[in-house]
Structure formats: C-alpha cells, structure tokens
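Q: Hi! Could you walk me through this one? I'd like to ask as I go.

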Amino acid sequence: MRSHVLSALLIVAASFTCTQSSPGQSVPTAADAKAFVDRANTELLKLATDASHAEWTAKTDITEDTEATSALISEQFTARSLELTAESHRWDHVTLLPELRRQILLMQLNTPAAPKDPKLLAEQTQLAAQLTGMYGKGKFCAYTPAVQPPATDAKCMGIDAISNIMAKSQNPEELTKLWVGWHAIGAPMKDKYSRFIELQNIGAKELGYNDTGELWRAGYDMTPAQFSAEVERAWAQLEPLYRELHAYVRTRLIAKYGKAAQRPDGMIPAHLLGNMWAQEWGNIYDIVAPTDAKLSQFKPVDLEVALKQQIAEKDPAAAPAFAAGTDLSSDSGHAASLAAGRDMVHYGENFFKSLGFAPLPATFWERSQFVHPRDREVVCHASAWDLDSADDLRVKMCIEVNADYFTTVHHELGHNFYQRAYNKQPFLFRNGANDGFHEAIGDAVALSITPAYLKTLGLTATEPPVEADIPLQLRTALDKVAFLPFALALDKWRWQVFSGEIKPANYNKAWWSLRAKYQGVAPPVDRTDADFDAGAKNHIPTNVPYARYFLARIYQFQFYKAMCDASGYKGPLNRCSFYGSKAAGDKLNKMLEAGQSKPWQQTLKEMTGSDHLDAQAMLDYFAPLYTWLKEQNQARNKVQ
C-alpha cells in the first residue's frame, strides 16, 4: 500500500491485453506513445466536455428528449474511450517516462465498464439515462397506491420536501409513511438495474477484470485486494467509536418512542434517525442531546434561524423568502428564494477566498442551478460540475436556508476549487488524487464551521466554553461517524452484486443484511425481494461509486489537522478553524494543483506526513466524546 503499489499495478494493467504489433503496424516507441497521449488528451477533453453539457441538460431538465441526447453523447464518448484504451495497450511493454506511463495507466483504469458491441453499448447508455431520470422524477404521492397514477389533486413530494419533513417530524407513523412512500420508487428500477449490471460486467471483462467492482477498486494506485484491506483496516479503527454511538442513540430513541424504537435484535428502525437512508443522524440531535444539567445548558447554534436573519438583513432581495405568507411559487417568491440560495453559496466562496483562493468566475453565478426551477423536473441531489475541465464551474442544487445546506455548500465548492486548481494539468491528470480526495476537500473546510467561525461571521454572538465540546461533538458525530458504516455497506452490496454473489432475486434481502451487519439498522416495515430499496438512494440508479465517501470521511480529518497545524493553531483539534489562514490555503492549494499526477499516497504524504488512510486524526478529534459515550453506556448497563 506504499510506494511499491503503483509499479505492481502497472504490471497487472500490462497483463490485460496482448500488445504485439499487428501485421503492417510499426514497432511501438516512446515517441509514438507521447504523440498518442497528446492526441488522446485533446480528444478526450473535447468528448468529455460534450458529454458534460449533455448530462447537465439531462439533469436540470428531465425529459425523454434530454435523456435520449445524454445517452447518445455518452455512448459516443464511451465508445471512443474504449477504442483509445485498446490502442493504449500497444505501449504496455515499452519503457516510458513515469509521467507518460501514468497517463496511459489512468486512461486504462478510468475507462467506463461498457461493452464494445455497439448495440449493447447503446442499450447500456439508454438504461443509464432512464435510471437517472426515474430517480430524478421520483415522487411520493400521499394516499395514492404505488401501482396507480396519482390523482390530479394529489399531494406529491420529491425527496427534498420529504427530507425536510423527516428532519423535523417526531411522529413514528408519519415517518413510516414517508419512508415507505419514497422507497417505493425503487421497485420499478429493479429489472433495468439488473440488466445494467450485466452490461457493465461485459465491459469490465473485456477490459480484463472479473467484474465492474474489481475495476472500480483497481483505481486507487493499489490492487483491488489491497484496497479492500485498506478500507477494512480503517473501519476496524473506527468501529468501536461507532458502536458506542449506536448504543447511546438506540437507548435514547427507545426512551423517546418506546415500542416503535425497540427491537429484540438490537437494531435501530431506520426511519427514526432523521434521514431517509439513516445515513446521517444529526437531525435527531434534540432527541439524543445530553440530559446532564451541566451539559444540557449548551445548545448548538440554531444556524437556520441565524442564517435567515442575517441574509434577510443584508440582502433585501432575499428577505421575502423568509416572510410569513410569501408564495414561493410566484415570480417574486421564486426570485427571493434564488437570491437566498446565491447568498448561501457566497458564504462558502468567502471561506475559500479567506484562504487566498481567487473568486469563482462570473459564469458560475450565471449558469449554476441554485434552487428548484418552477417549470421543469430536475435532479436536486447536490453536485459540483466542471463542464469544460477548465473554468466552466457550476453547482447543481436545490438550496434551502438551513444548517445542512450551509455545510453542503462548503462541500460542493470544495469540488469546484479543486477542479480549477488542477486545470493546468494534462486532461488525464485533471482529477482528484483519488475520488475520496475530491469528496474530502470541502468537508475538511466544513470542519472549520466551529462556533469561533460562526462568531466571526456574526451568526452567533458568543463562543461556548470547553465544557460545551461534548454536545458539539455529539452533534458532529451523528453525521460524521454515523455515516461510515452506511457508506461501507452500500458499496459492499454493490461489489457483491457486480461479482454475482448477490443475485437479483436477493437484492433486497442482501441490502438489509449488510446494513444490519455494519449499521445496526432495520427497515420500519417488512420488506420483500419485490422491493428494491437500494434504488431509492441516488447513487445506485446514477451508478456513482460510494467508497469514495467512506474514504472522504477519514481523509477530511487528516487534511483538517494538516491545515490546522499549518495555520499555527494550538488547542483541542475539534475547536480549530483555519478560516483566514493563507498558510493553510497555500498547503491546500499545493495538494489541489497536483490533481492525479502522482499516486495518492505521495500526494497525501506531502499534505499530511502520512502515506495511508489513517483514522487517528478522526479518533483524536472525537476522543472526548468517545470517553463520554462509554461512560453513558456503562452507567445505563449498571442500571439495567
């Protein structure tokens, strides 16, 4: 897992395809390889830009036409990528400069898992567009059976509206209805998804892999087996902390909901955790907050109230969005919501500017989707975009003014500033050191959303004393720590689907088996294999690998500590904010500019001093909370 792994991986990659020259073809040389890579960089940049524009349109205006266009452009991009990848193997056994060899390796590893057969490729891209559209158009219509179209006057809600209710409701019956209603969108996807998996695996095997999961795990400057071991090792570091958090939360939920929360198997019902997928639990903080008189006096900043008040005071155009009785669907109401959404994004941009980064380009503000349009269906799932791999940066969000979106804004802009930082690299290096790095940047910055930072912004008047750290850490852990086993279980499930260990008939049973094993959660009602609950999570129908988010939850603490150290901060790690530190910004920018030009282990070591995924910084951050949780659970056990 150290410096030797790239060379080992090169040997593996070189073995995939016969590289002897065809009759009439010249003997491959290093000069030919350089010309090929230069041509591939130019061609792939053009193809990727076209595909990005088509995909952007398909996700910000979901229609059959935009889905078809996106599928067509994606098909063309994939087909040409496969051709270039096949051609690249001519130089597998030619001695090349390290930079050139790495670009060829990345081309081979980043090739989509797609069949070469044109008919099968067309089928796969069409299925991909359809699955994305099915999720984006997903609705729960109250009082409408899942098999029937909703009445014209039915109250139908998308995932954002449902999530807002789940975040605040403490009515188990209401939560159950919302959970069941949204998860119903998965069942119609099941057959399409199963076929989509088959087609991806055909492509992966043509590339020399056993299945698509193995291809995905090969993209980390180590072998797939080494990557799996790296992930398991990190989880072993963090599992004790998670188990203590789980035990504490379960006890508090039982105290709140009684039988609705109590299961004999020790699981937590998934619908009671404040989030549709039980992936982050911060929304139930009020239920599980410390009851000790000394600690309970410290309340987290009500960031939603503070943000609305400050935005309304500073931006008259946004103020009507928060006024009672405003019709947000009207012209003026929508304009106010859009102004408020832009203001939220400015908070994140200002953080990066305080570190010395240049402002976002004017086109970012002109072309981004900040709120849900009134005239069309869109995919609201927040994402950051770099459409031309240069400076056409955008975000696609449906922003609401609350604490979750405040953090999400910082996260998404982390992608954008990363994308811009490495845009001078060759196209094949224009990516994160690995995909976990890309997800971790904005989250490392968001860890600096401390009371001290909020006070600097005028969003709170006071900075609480050290005694308040336990409530603050608990609130953070409900999101950061609780997420880890969900991320692990999701891609464990998908890897086993790709390998054939999980068959379509057992998709749902295996989904909940893995979530029970890693998360200790269970569905609120009995499920069958006619259901396809994995499809109710965006990253499954849109085919986005999820291990990156597990990695990011750990990397972000490694990055955060490195930037805190660079800023000169001395004190408890969880109270550090490097806002305004040019030294921290310089350290971050150096890592961002490298892109994927070096093995991630080398990039990580230059940033943090460590060359491997290491949960120690995360454990150090939560050390006071871990001790407190163990004390709470031990005291409960003595009473019982």
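Q: Let's start with helix α4: what should its 12 residues span at 1.5 Å a residue, and how far apart are its end C-alpha atoms?
A: Helix α4 runs over residues 98–109 and should span 16 Å, and its end C-alpha atoms are 16 Å apart, which agrees. The expected span is 1.5 Å times one less than the number of residues. Helices here are DSSP runs of H or I with at least four residues, strands are runs of E with at least two, and both are numbered from the N terminus.

Q: What am I looking at, by the way, and how are things counted?
A: This is a predicted model, where local features need pLDDT of at least 70, side-chain atom pairs count only at pLDDT 80 or more, and totals for chains, interfaces and linings use all residues. Residues are numbered from 1 along each chain as its sequence is written, and side-chain values use heavy atoms, with hydrogens and water left out.

Q: What pLDDT does the protein average?
A: The average is 92, and 94% of the residues score at least 70. pLDDT is the predictor's confidence in each residue, on a scale from 0 to 100.

Q: Where does pLDDT stay under 50?
A: Over residues 1–23, for which the model has 44 contacts beyond four places in sequence. A contact means heavy atoms within 4.5 Å. Where pLDDT is low, the predicted coordinates should not be read in detail.

Q: Back to α4: how many of its residues are buried?
A: Helix α4 is mostly covered, with 10 of its 12 residues buried. Among them are L100, R101, R102 and Q103. Buried means under 20% relative accessible area, exposed means over 50%, and partly exposed is in between (1.4 Å probe, protein chains only).

Q: Changing topic: how many disulfides are there?
A: The count comes to 3 disulfides, taking a disulfide as a pair of cysteine sulfur atoms within 2.5 Å. With the bonded cysteines numbered in sequence order, the pairing is 1-2, 3-4, 5-6.

Q: Where do C141 and C156 sit?
A: Their sulfur atoms are 2.0 Å apart. The pair links distant parts of the chain, with C141 in strand β1 (residues 140–141) and C156 in strand β2 (residues 156–157), 15 residues apart. The torsion about the S-S bond is about 110°, so this disulfide is right-handed. C141 counts as buried at 12% relative accessibility, whereas C156 is partly exposed at 32%.

Q: And C380 with C398, which parts does that pair tie together?
A: Here too the sulfur atoms are 2.0 Å apart, and with -80° about the S-S bond the link is left-handed. C380 lies in the loop between α15 (362–367) and β4, and C398 in the loop between β5 and α16, so the pair ties together parts that are 18 residues apart in sequence. Both cysteines are buried.

Q: What about C564, which cysteine is it joined to?
A: C564 is joined to C576, S to S 2.0 Å. C564 is in helix α21 (residues 547–567) and C576 in the loop between α21 and α22 (582–594), 12 residues apart. The S-S torsion is about -110°, so this one is left-handed. C564 counts as buried at 1% relative accessibility, and C576 does at 0%.

Q: How do β4 and β5 run?
A: They run antiparallel, and 4 bridges join β4 to β5 (residues 393–396); two strands pair if DSSP finds at least two bridges between them. β4 and β5 form a hairpin with 6 residues between them, and S389 in the turn has a positive phi of about 55°. In β4 (residues 383–386), S383 and W385 point one way and A384 and D386 the other, and all are buried. A384 stands opposite V395 in β5.

Q: Which backbone oxygen does the N416 side chain reach?
A: The oxygen of W385, at 3.3 Å. A polar contact is a pair of N or O atoms within 3.5 Å; within protein, one must be able to donate a hydrogen and the other to accept it, and residues adjacent in sequence count only if both atoms are side-chain atoms. N416 lies in helix α16 (residues 403–421) and counts as buried at 0% relative accessibility. Leaving aside neighbours within four places in sequence, its contacts include L360, F364, A384 and V395.

Q: Last one: what covers the buried residues of α22?
A: The cover includes α16, α17 (435–446), α21 and α23 (600–608). Buried in α22 are A584, G585, L588, M591, L592 and A594.
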